[in-house]
Amino acid sequence: MTACLLTSVIVVGVSHNDAASSWKIQPSVILAICSGTSSVLLSTALEAGVAVRFWLAALNRRPLTQLHYIWDHGRGLGLFSAVRAGSTARVVAILATGACVLQFLASPLLQRSTYQTIHDGITYESMSIDIAKRIPEGWFGPRSASGEGLFEFRNGLQELQEWWRKDPILTHNEAGYSCNGTCDTYIQGAGFSYHCWTMREPLDVSTPDSDNASVFAVSLTRKQNTTNDPFLWLRTRYLSDVDEKCMGTMQTETCYLKAATVQYPVTIQNTTVSLRGGELLPMATVSSYTSPGDSPDAPIGTPAGPLLSLRTFVLNVVYTDSIKLFDARVNRSTYMTSGPLGDIFFISPDHNPDPSPPTCQLKFKSPTEYILSIMYELMFRFALAAGKEVETQTFIAKRTAPALIYQVDPAYLAASLVAMACGIAFLGALIWNWRLIGRSVTLSPLETTAALGRPILENRPHATIHEILTEVGRAGYKPSCTGAGTTGGSTGSVLDSNVLIVVSGEKPAQEAARL
């Protein structure tokens with residue numbers, strides 16, 4: 001039984017957090033086998049323990065009533081009679097019944113201690129994707145005559161259209177490219193690095209003098225620094241707040257963008273590739289570079305660089321200039337916009353927390369991060385298209401996939417262990433002092449008849465147990481003599497030294513005479 005207990009504990013402990021698929025035989029099946037084996041061993045141990053208690057009670061001259069209820073050990077309704085029969089029978093009945101009950105409880109508790117649940121398993125796998133770390137010169141097409149755009153779109157237009165439609169980005173549907181689950185990683189690809197700063201200036205919204213003043217504007221221009229390195233100049237201006245006196249704050253956010261290889265935070269699910277928006281800004285820059293096609297001084301026909309091409313694709317999307325107007329009909333300031341972004345980032349009066357009066361409730365959110373995210377997603381799509389079947393990158397991805405695993409319930413496990421341990425302790429208490437008997441004993445009829453069949457029961461062959469206990473229930477056992485005969489008033493019988501005889505506790509002389 002102890003081995004079954006230890007085996008059950010080991011199975012439950014080892015299965016904790018293990019995938020169900022890794023077990024050819026379920027832990028519950030092993031626990032059921034251990035439980036069944038333990039029940040068989042319990043029956044054997046209980047039989048041996050009751051036999052030990054029976055013969056120890058006999059050696060201690062316990063009455064036949066107690067010996068009978070020790071043999072019965074509280075089975076069924078006999079438990080109540082055993083409790084009343086005497087202390088020895090009571091202890092045996094309680095220990096035996098307790099051991100059986102605890103074994104009965106331990107099995108379901110142990111099986112309930114382990115259960116299956118869905119858990120997101122994490123593994124790390126090697127994967128690949130086709131992506132360019134730099135957009136090749138001329139991939140987008142040649143520059144226009146003005147140098148401010150593209151003469152023709154050789155590549156990139158399809159990716160811009162897919163972005164407008166929000167089409168999913170797909171990778172190859174083959175092993176090593178697709179992900180069975182969710183794979184998170186960082187991939188190096190063509191993009192840009194940026195640095196932004198902010199300036200603020202006041203704007204009196206209440207005065208007509210501020211009419212036609214810009215309250216929300218986005219511009220994207222191409223410039224070059226003192227070392228003739230080209231860059232993009234993103235400038236966003238918006239009315240960020242207005243106080244109770246209609247004095248507003250115009251906030252200008254300027255960003256310096258330069259062509260670079262960056263680490264995109266990428267998630268792959270099956271064949272769908274997406275960017276993790278929460279990690280886009282800012283991204284780690286691997287290296288910066290310049291392209292001749294981005295220079296304002298490049299001759300006509302020069303292949304367009306990534307910054308010039310990006311500006312061409314994005315400018316019509318983000319360019320906006322919203323001006324402030326005072327509407328006398330409703331006695332309040334409002335705005336007029338030339339692009340959709342002004343409406344998208346306007347904060348309606350119902351959601352404006354500023355203490356400004358109704359006549360001048362104008363407020364906008366910052367569009368800078370939104371615009372940078374658009375540009376990053378477009379550059380990511382361009383980099384994937386430019387590297388398709390040309391430039392393959394291998395990386396390690398963290399794969400998360402739902403898996404069926406085993407979990408351990410500590411409460412049920414503890415309860416089952418306590419029940420099994422107490423059951424073993426109860427059986428140990430029954431077998432305790434078995435060495436005092438001096439030999440192995442059982443409750444076989446062949447063994448007990450040798451002691452009970454002569455002389456006290458030999459004249460009662462058809463008596464029921466109730467009749468026997470009523471007539472001689474108070475009689476007790478006494479070890480036999482060692483071969484000497486009876487003399488005088490002594491009691492006993494010349495029997496084998498291993499046989500016990502019965503002597504009446506009330507009429508020893510008469511019982512001795514009958515012997």
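## The loop at P282

P282 is found in the loop between β7 (272–275) and β8 (285–288). A cis peptide bond joins L281 and P282. Its omega is about -10°. Most peptide bonds are trans. This is a predicted model, and the bond is described here as the model has it.

Most residues other than glycine have a negative phi. K166 has a positive phi of about 60° and is not a glycine. The loop that holds K166 runs between α6 (157–165) and β2 (169–170). Is K166 buried or exposed? Its relative accessibility is 56%, so K166 counts as exposed, the cut-off being over 50%.

N212 also has a positive phi, of about 70°, and is not a glycine. N212 lies in the loop between β3 (179–204) and β4 (214–224). With 53% relative accessibility, N212 counts as exposed.

## The chain overall

The chain has 13 helices and 13 strands. It holds 515 residues, and buried residues make up 45% of them. The accessible surface comes to about 26300 Å². Carbon and sulfur atoms account for 56% of that surface.

How much of the contact set links residues 24 or more positions apart? Among contacts in the chain with a separation of 6 or more, the share is 72%.

## Nonpolar cores

In soluble globular proteins, nonpolar side chains tend to be buried together. Here the largest nonpolar core has 70 residues. Those touching the most other members are I135, L239, Y264, L310, M375, F380 and F382. Which helix gives the most to this core? Helix α9 (residues 368–387) does, with 12 residues.

Take M375 as an example. Leaving out residues up to four places away in sequence, M375 touches F192, L220, L232, L257, L310 and V314. A second, separate core has 21 residues. A57, A89, V92 and L95 are included in this second core.

## Helix α2 against helix α5

Two packed helices are described by the angle between their axes and the distance between the axes. Helix α2 (residues 27–59) packs with helix α5 (residues 87–112) at an angle of about 175°. Their axes are 11 Å apart. Angles over 145 degrees count as roughly antiparallel, so α2 and α5 are roughly antiparallel to each other.

From α2, the contact takes L31, A32, S35, S38, S39, L42, L46, R53 and A57. From α5, it takes T88, V92, A96, A99, C100, Q103, S107, L110 and Q111. What is the make-up of this contact? The residues divide into 10 nonpolar, 7 polar and 1 charged.

S38 lies in helix α2 and is among the residues of the contact with α5. At 1% relative accessibility, S38 counts as buried; the cut-off is under 20%. S38 and L5 are 33 residues apart along the chain, and their C-alpha atoms are separated by 8.2 Å.

## Helix α1 against helix α10

Helix α1 (residues 2–15) and helix α10 (residues 410–431) also form a packed pair. The angle is about 170°, and the axes are 10 Å apart. The pair α1 and α10 is therefore roughly antiparallel.

On the α1 side, the contact is made by T2, L5, V9 and V12. On the α10 side, L413, L417, M420 and I424 make it.

S240 lies in strand β5 (residues 230–242). At 11% relative accessibility, S240 counts as buried. Which residues does S240 contact, leaving aside neighbours within four places in sequence? They are T249, Q251, D354, K363 and F364.

D297 sits in the loop between β8 and α7 (306–318). Its relative accessible area is 60%, so D297 is exposed. D297 and Q224 are 73 residues apart along the chain. Their C-alpha atoms are separated by 9.7 Å.

How values were computed: Residues are numbered from 1 along each chain as its sequence is written. This is a predicted model: local features need pLDDT of at least 70, side-chain atom pairs count only at pLDDT 80 or more; totals for chains, interfaces and linings use all residues. Side-chain values use heavy atoms; hydrogens and water are left out. Helices (H or I, at least four residues) and strands (E, at least two) are DSSP runs, numbered from the N terminus. Buried means under 20% relative accessible area, exposed over 50%, partly exposed in between (1.4 Å probe, protein chains only). Contact means heavy atoms within 4.5 Å. A nonpolar core is a set of buried Ala, Val, Leu, Ile, Met, Phe, Trp, Tyr and Cys residues joined through side-chain atoms within 4.5 Å. Accessible areas come from the Shrake-Rupley method with a 1.4 Å probe; for residues, only the protein chains shown count as cover. Axes are lines fitted to C-alpha atoms, for helices over the stretch in contact, and angles run from 0 to 180 degrees between N-to-C directions. Angles under 35 degrees count as roughly parallel, over 145 as roughly antiparallel, 65 to 115 as roughly perpendicular and the rest as oblique. Ala, Val, Leu, Ile, Met, Phe, Trp, Tyr, Cys and Pro count as nonpolar, Asp, Glu, Lys and Arg as charged, and the others, Gly among them, as polar.
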